[in-house]
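Colleague: I have not looked at this one before. Please put it on the screen, and then I will ask about its parts.

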Amino acid sequence: MLAAVLTCASIFCARTDAVSIFQGATDWKPVEMALGKAGSIQPGDVYKVSFPRSDLKVTAAGVELKPALALGSWVAFKRDGEMTVVLGDLVLTEDEVSPVLRKLVAGGVEPTALHNHVLNESPRVMYMHIHAIGDGVKIAKTIHDALALTKTPFAAPAAAGPGGDIGIDTKQLDQIIGQNGKVNGGVFQFSIARVDEITDSGMMSGDHKMVIPPAMGLALAINFQPTGAGKAAITGDFVLIASEVNPVIKALRENGIEITALHSHMLTENPRLFFMHFWANDDALKLARGLRAGLDKVNVRRQ
């Protein structure tokens, strides 16, 4: 009888713990409904929703860009006390910029940067970074209404096939970069977190500054899109503090990698960050070694 009681008590405790964990988790369904698309939970309790611009046919230096290479809008939500903090990056054509900006500002979502990522692309593409803090559902509705003024697809993309051989040696890329990448939409991607903690005084809930997780746009992004014969087009961005900027420029340029943009994404982060975008189309392993030379100048987490 005692064993039965203990067993029942153990089951009850396990169920109670499970309920507590469930109740403690954020319910993102209302945000999903307001935004019009489902996302996924990322490390750091970040709810992230991606909007690949599969409607766009953009070429740069003779390469047609896959959405996963450089045409992916995203929005990230994180609870902080009673408030929801939102950061995002919206991929827009030139004629979409002004209507989207007006709609965002009217709904209390602040643009924090507007710039290019690549050079000589056709049609021209701009990237609008955004920030908001408040009611997550209201913010999501504002972003939905802004994106509805564009041709951004809201439907989930077709399921990708098996992530097998994509035409470049991904195992060697992992070894050279010193990180583990993944295949996404025909592109081999690396997401690399910085070691240092980043806070933002513009994201205050109560009397503290929020720590921004890497999943909210602070991870270094390196993308390889195969272009045939072992070659790949590369782009992405290095997330840098001021003292790292020119050493990374030097390392990349010495390895035949162009710098295509250097700018801020946020307004009140600490330490101050600079985002460096790059481009090349050459032997994938050669470019990986050049990117590794740049990474060696940056305070990133090593695997």
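**Helix, sheets and cores**

Colleague: Which elements do the buried residues of α4 pack against?

Modeller: This is a predicted model, in which local features need pLDDT of at least 70 and side-chain atom pairs count only at pLDDT 80 or more, while totals for chains, interfaces and linings use all residues. Residues are numbered from 1 along each chain as its sequence is written, and side-chain values use heavy atoms, without hydrogens and water. Helices (H or I, at least four residues) and strands (E, at least two) are DSSP runs numbered from the N terminus, and buried means under 20% relative accessible area with a 1.4 Å probe, protein chains only. With contact taken as heavy atoms within 4.5 Å, the buried residues of α4 pack against β6, β7 (110-115), β9 and α5 (136-147).

Colleague: Which residues of helix α4 are buried?

Modeller: An α-helix has 3.6 residues a turn, so residues three or four places apart point the same way. Helix α4 covers residues 94-106, and its buried residues are Glu 96, Val 97, Val 100 and Leu 104.

Colleague: In what order do the six strands of the open sheet lie?

Modeller: Two strands pair if DSSP finds at least two bridges between them. β1 (40-42) and β7 stand at the edges with a single partner strand each, so one side of each has no neighbour in the sheet. The pairing is antiparallel, and the order is β1-β2-β5-β6-β9-β7.

Colleague: How many bridges join β6 to strand β9?

Modeller: Strand β6 (residues 83-93) has 10 of its 11 residues buried. Towards strand β5 (residues 72-80), β6 runs antiparallel with seven bridges, and Val 75 stands opposite Gly 88. In β9, Met 126 is the bridge partner of Leu 92. β6 and β9 (residues 125-134) also run antiparallel, and the bridges that join them number 10.

Colleague: Which residue takes a positive phi in the hairpin of β5 and β6?

Modeller: This hairpin has two residues between its strands. A phi near 65° is found there at Gly 81.

Colleague: Which residues have the most contacts inside the largest nonpolar core?

Modeller: A nonpolar core is a set of buried Ala, Val, Leu, Ile, Met, Phe, Trp, Tyr and Cys residues joined through side-chain atoms within 4.5 Å. The largest has 44 residues, and its largest share, six residues, comes from helix α8 (residues 284-295). Apart from it lies another core of 25 residues, including Leu 35 and Phe 77. In the largest core, those with the most contacts are Leu 173, Phe 224, Phe 238 and Leu 291.

Colleague: Which residue's backbone oxygen does the side chain of Asn 223 reach?

Modeller: Asn 223 lies in strand β14 (residues 220-228) and counts as buried because its relative accessible area is 8%. At 3.0 Å, the side chain of Asn 223 reaches the backbone oxygen of Leu 69.

Notes. Buried < 20%, exposed > 50% of the residue type's maximum accessible area, 1.4 Å probe, protein only. Polar contact = N/O pair within 3.5 Å; in protein donor to acceptor, adjacent residues only side chain to side chain.
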